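Student: I would like to learn how to read this model. Please take me through it feature by feature.

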Amino acid sequence: MPGVYEVETEKGSVYKIGALVFCAHALTLIRNQQPIKLRKQEALLLRLFLAWPYLYVSRQVLMDALWEDIDTGKVDCNGRLNVTIDRLKRSLKAGDPNIRILCERGVGYKLFVRVPENPE
C-alpha cells in the first residue's frame, strides 16, 4: 500500500504509516518520537487493516476478529465496533491527517494513506 512500509524486528513487525510508526508489539503509534498509546482493540483493528491492504474489510469479519471469544451472532458488537473505529480514527488523525479509515456502506472499512504529490 502506498505510504505504508513494514520492517521486521526481533520483537515483531513495525509499520511506517505516513508520518507515523506503528509498533504492533507495544500497541503504540509514534509521531516525532512522541507515543500515542492505543487500546488493545484499536491496535488489533489497525493490524487487520494492514494485513489486508487495498481491501475493504466487512464489519462482520472485523467483529469476529476483535471479539473472537464472544458469539457475535448472539451479542450485538456493532456499537463496540463503532467506538473502536472512532477512537482509532482520532488517534490516526492526531498523528497524521493524511491517514484515514474509509467506509463503503454495505461493504466495510479500509485504511487509506494519502501520499502527497510533492513531499517537499
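Tutor: Start with a loop. Tyr-54 is found in the loop between H1 and H2. Helices (H or I, at least four residues) and strands (E, at least two) are DSSP runs, numbered from the N terminus. This is a predicted model, where local features need pLDDT of at least 70, side-chain atom pairs count only at pLDDT 80 or more, and totals for chains, interfaces and linings use all residues. Residues are numbered from 1 along each chain as its sequence is written, and side-chain values use heavy atoms, with hydrogens and water left out.

Student: What is the phi of Tyr-54? Is Tyr-54 buried or exposed?

Tutor: Tyr-54 is not a glycine, yet has a positive phi of about 70°. Its relative accessible area is 55%, so Tyr-54 is exposed. Buried means under 20% relative accessible area, exposed over 50%, and partly exposed in between (1.4 Å probe, protein chains only).

Student: Which loop holds Asn-32?

Tutor: Asn-32 sits in the loop between strand E4 (28-31) and strand E5 (34-37). Asn-32 is not a glycine either, and has a positive phi of about 50°. With a relative accessible area of 61%, Asn-32 is exposed.

Student: Where is Ser-58, and which residues is Ser-58 in contact with beyond its neighbours within four places in sequence?

Tutor: Contact means heavy atoms within 4.5 Å. Ser-58 lies in the loop between H1 and H2. Leaving aside neighbours within four places in sequence, Ser-58 is in contact with Val-107 and Gly-108. Ser-58 and Arg-105 are 47 residues apart in sequence, and 9.8 Å apart in space, C-alpha to C-alpha. Ser-58 counts as partly exposed because its relative accessibility is 24%.

Student: How do I read two packed helices?

Tutor: Two packed helices are described by the angle between their axes and the distance between the axes. Axes are lines fitted to C-alpha atoms, for helices over the stretch in contact, and angles run from 0 to 180 degrees between N-to-C directions. Take helix H1 (residues 40-51) and helix H2 (residues 59-66): their axes come within 10 Å and cross at roughly 130°. That makes H1 oblique to H2. Angles under 35 degrees count as roughly parallel, over 145 as roughly antiparallel, 65 to 115 as roughly perpendicular and the rest as oblique.

Student: Which residues make the contact of H1 and H2?

Tutor: H1 brings Gln-41, Leu-44, Leu-45, Leu-48 and Phe-49, while H2 brings Leu-62, Ala-65 and Leu-66. Seven of the contact residues are nonpolar, one is polar and none is charged. Ala, Val, Leu, Ile, Met, Phe, Trp, Tyr, Cys and Pro count as nonpolar, Asp, Glu, Lys and Arg as charged, and the others, Gly among them, as polar.

Student: At what angle do H1 and H3 pack?

Tutor: H1 and H3 pack at about 80°, with their axes 9 Å apart. That makes H1 roughly perpendicular to H3.

Student: How do I read a nonpolar core?

Tutor: In soluble globular proteins, nonpolar side chains tend to be buried together. A nonpolar core is a set of buried Ala, Val, Leu, Ile, Met, Phe, Trp, Tyr and Cys residues joined through side-chain atoms within 4.5 Å. The largest one here has 30 residues, of which Ile-17, Phe-22, Leu-46, Phe-49 and Leu-111 touch the most other members. H1 gives the most to this core, with six residues.

Student: Which residues does Leu-46 touch, not counting those up to four places away in sequence?

Tutor: Leu-46 touches Ile-17, Phe-22, Leu-29, Leu-38, Leu-88 and Leu-111.
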